[in-house]
Amino acid sequence: MPSKNSASNKAASPIVSSAHLVSPDSAEMSEFEFGLIVAGNAFHRWIVHCMSAAGLKDLTPLDVLVLHHVTHRARDKRLADICFIMNIEDTHLVNYALKKLQGLGVVASQKNGKEVTYAATDEGRQFVQRYREIRESCLIDALKADDGLNRDIGELARLLRVLSGMYDQAARAAASL
């Protein structure tokens, strides 16, 4: 029979995806990164299924996110602005998503001098509205039972923005090595 001490030691071990990266100075960062990986993959799966349920099938997570951003605040967006806001370095990935969305008739481009801007079409806005309705019924309704959870989510969002800045700075430092 295992001792109580060995059982509690197992429970205290951090849950990580890469034990070789766990630092004695911050095992919490490795736990966070594993949580981010799992949550990110779950989020991507969710947005693709939600958009599919809204009627727009065979999109990648980036396609869905680009459509939402292009629809955001009903303002035309430049490729560079979309990449900047979404913190994506590789403009080719976003450009490919925009071309795919244009082919589906949910995004349109407009040339103003040398600049090309993108906006959601009426059809695109309809898919986004249907997505919103499905999101409300499948995801947001689950939060109504717990006001504390909404507060925690707000704090987590703030923390994620702080950590994204730390990761960006660390990436710049690593790129200079």
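**Why these labels? Reading a predicted model**

User: Why is E133 called partly exposed?

Analyst: This is a predicted model, and the label comes from relative accessible area. E133 has 39%. Partly exposed lies between under 20% for buried and over 50% for exposed, so E133 with its 39% falls in the middle class.

User: What makes E133 and R130 a salt bridge?

Analyst: Their side chains meet at 3.4 Å, N to O. The limit is 4 Å between an Arg or Lys side-chain nitrogen and an Asp or Glu carboxyl oxygen, so the pair qualifies. R130 is also partly exposed, at 38%.

User: How are E133 and R130 placed along helix 6?

Analyst: The two residues are three apart in helix 6 (residues 122–143), which means they are separated by about one helical turn.

User: How do you know that D141 and K144 form a salt bridge?

Analyst: Their closest N and O atoms are 3.0 Å apart. That is within the 4 Å limit, so the pair counts.

User: What makes R78 and D81 a salt bridge, and what network do they belong to?

Analyst: The R78 and D81 side chains meet at 2.8 Å, N to O. The cut-off is within 4 Å, so this is a salt bridge. R78, D81 and E115 are linked in a network of salt bridges. R78 is partly exposed at 30%, and D81 is partly exposed at 30% too. By the salt-bridge rule, the count comes to seven.

User: Why is T117 called buried?

Analyst: T117 has 7% relative accessibility. Buried means under 20%, so T117 passes. T117 sits in strand 3 (residues 115–120).

User: What makes the T117 and D76 side chains a polar contact?

Analyst: The side chains of T117 and D76 make the contact at 3.5 Å. The distance test is N or O atoms within 3.5 Å, so this pair meets it. Leaving out residues up to four places away in sequence, T117 touches D76, K77, R78, A108, S109, Q110 and N112.

User: What makes up the nonpolar surface patch?

Analyst: L36, L156, L159, L160, V162 and M166 make a patch of about 490 Å². Helix 7 (residues 147–175) gives the most, with five residues.

User: Which residues have the most contacts inside the largest nonpolar core, and where do the core residues come from?

Analyst: The core has 24 residues, and M51, L67, L98 and V107 have the most contacts inside it. Helix 2 (27–53), helix 3 (61–71), helix 4 (79–86), helix 5 (91–103) and helix 6 each supply at least two residues of this core. Not counting residues up to four places away in sequence, M51 touches L56, L59, V64, L67, H68, F127 and Y131. In helix 3, the buried residues include V64 and L67.

User: What makes the phi of D58 worth noting?

Analyst: The phi of D58 is near 65°, a positive value in a residue other than glycine. Most residues other than glycine have a negative phi. D58 is in the loop between helix 2 and helix 3. At 72% relative accessibility, D58 is over the 50% mark, so D58 counts as exposed.

User: Where else is phi positive?

Analyst: N87 has a positive phi of about 60° although it is not a glycine. N87 is in the loop between helix 4 and helix 5. R73, which follows helix 3, has a positive phi near 60°.

User: Why is S52 called partly exposed?

Analyst: S52 is in helix 2. Its relative accessibility is 23%. Buried would need under 20%, so S52 is partly exposed. S52 and V64 are 12 residues apart along the chain, with 9.8 Å between their C-alpha atoms.

Technical notes
Residues are numbered from 1 along each chain as its sequence is written. This is a predicted model: local features need pLDDT of at least 70, side-chain atom pairs count only at pLDDT 80 or more; totals for chains, interfaces and linings use all residues. Side-chain values use heavy atoms; hydrogens and water are left out. Helices (H or I, at least four residues) and strands (E, at least two) are DSSP runs, numbered from the N terminus. Buried means under 20% relative accessible area, exposed over 50%, partly exposed in between (1.4 Å probe, protein chains only). A polar contact is a pair of N or O atoms within 3.5 Å; within protein, one must be able to donate a hydrogen and the other to accept it, and residues adjacent in sequence count only if both atoms are side-chain atoms. Contact means heavy atoms within 4.5 Å. Patches are made of residues with over 30% relative accessible area and no salt bridge: like charges are joined within 9 Å, nonpolar side chains (Val, Leu, Ile, Met, Phe, Trp, Tyr) within 5 Å. Accessible areas come from the Shrake-Rupley method with a 1.4 Å probe; for residues, only the protein chains shown count as cover. A nonpolar core is a set of buried Ala, Val, Leu, Ile, Met, Phe, Trp, Tyr and Cys residues joined through side-chain atoms within 4.5 Å.
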